[in-house]
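Please keep the sequence and the three-dimensional view at hand while reading.

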Amino acid sequence: MGGGGIEVVQGEGNKIRWQQSLKLGVVRLTERFIKSDPPKAGEIAALKAHIKGALEPVFKRARHTRPSLL
C-alpha cells in the first residue's frame, strides 16, 4: 500500500478491463484517523468504516464482472 493511495485494477489477459484510484494510502489514512499511540478503539473503528465505505463500490463493480484476479 502506498502513502497516498492505492490502485485497484481488473484485467483480462493482457488488457485492463477497469481501474480505480482510491485515496487509501497508509500515510494518508494514518494522518487522518490515528491520533493516539497506541490507537484508540474509536480511531480504529472510524478508519475501518472509512475504508469499508470506499471499497464497497469497487467490490460491487468487481462482483458484476466476476474477476478471477483483482
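Which side chains meet in a salt bridge at 3.4 Å, N to O? They are the side chains of E12 and R17.

## Basis of the model

This is a predicted model, in which local features need pLDDT of at least 70 and side-chain atom pairs count only at pLDDT 80 or more, while totals for chains, interfaces and linings use all residues. Residues are numbered from 1 along each chain as its sequence is written, and side-chain values use heavy atoms, with hydrogens and water left out.

## Salt bridges

The structure holds two salt bridges, a salt bridge being a side-chain nitrogen of Lys or Arg within 4 Å of a carboxyl oxygen of Asp or Glu. Besides the pair of E12 and R17, the side chains of R63 and E56 meet at 2.8 Å, N to O.

Accessibility is described here in three classes: buried is under 20% relative accessible area, exposed is over 50%, and partly exposed is in between (1.4 Å probe, protein chains only). R17 counts as partly exposed because its relative accessibility is 42%. E56 is also partly exposed, with a relative accessible area of 36%.

## Helix α2

Helices (H or I, at least four residues) and strands (E, at least two) are DSSP runs, numbered from the N terminus. Helix α2 covers residues 41-65, 25 residues in total. From first C-alpha to last it reaches 36 Å, close to the 36 Å expected at 1.5 Å a residue; the expected span is 1.5 Å times one less than the number of residues.

At L55, α2 bends by about 35°, and the proline P57 follows within four residues. The bend is the angle between axes fitted to the seven residues ending at a position and the seven starting there. Just after the helix, R66 takes a positive phi of about 45°.

Within α2, the residues E43, L47, L55, V58 and A62 are buried. The buried residues of this helix pack against β1 (6-12), β2 (15-22) and α1 (26-33), where contact means heavy atoms within 4.5 Å.

## The nonpolar core

A nonpolar core is a set of buried Ala, Val, Leu, Ile, Met, Phe, Trp, Tyr and Cys residues joined through side-chain atoms within 4.5 Å. The largest one has eleven residues: I6, V8, W18, L22, L24, L29, F33, L47, L55, V58 and A62. Two or more residues come from each of β1, β2, α1 and α2, and α2 gives the most, with four.

V8 lies in strand β1 and is buried, with a relative accessible area of 13%. Although V8 and S21 are 13 residues apart in sequence, their C-alpha atoms are 6.4 Å apart in space.

## A buried polar residue

Strand β1 also holds Q10. Q10 counts as buried because its relative accessibility is 1%. Its side chain makes a polar contact with the side chain of W18 at 2.3 Å. A polar contact is a pair of N or O atoms within 3.5 Å; within protein, one must be able to donate a hydrogen and the other to accept it, and residues adjacent in sequence count only if both atoms are side-chain atoms.

## The loop between α1 and α2

P38 is placed in the loop between α1 and α2. A cis peptide bond joins D37 and P38, with omega at about 5°. P38 is exposed, with a relative accessible area of 61%.
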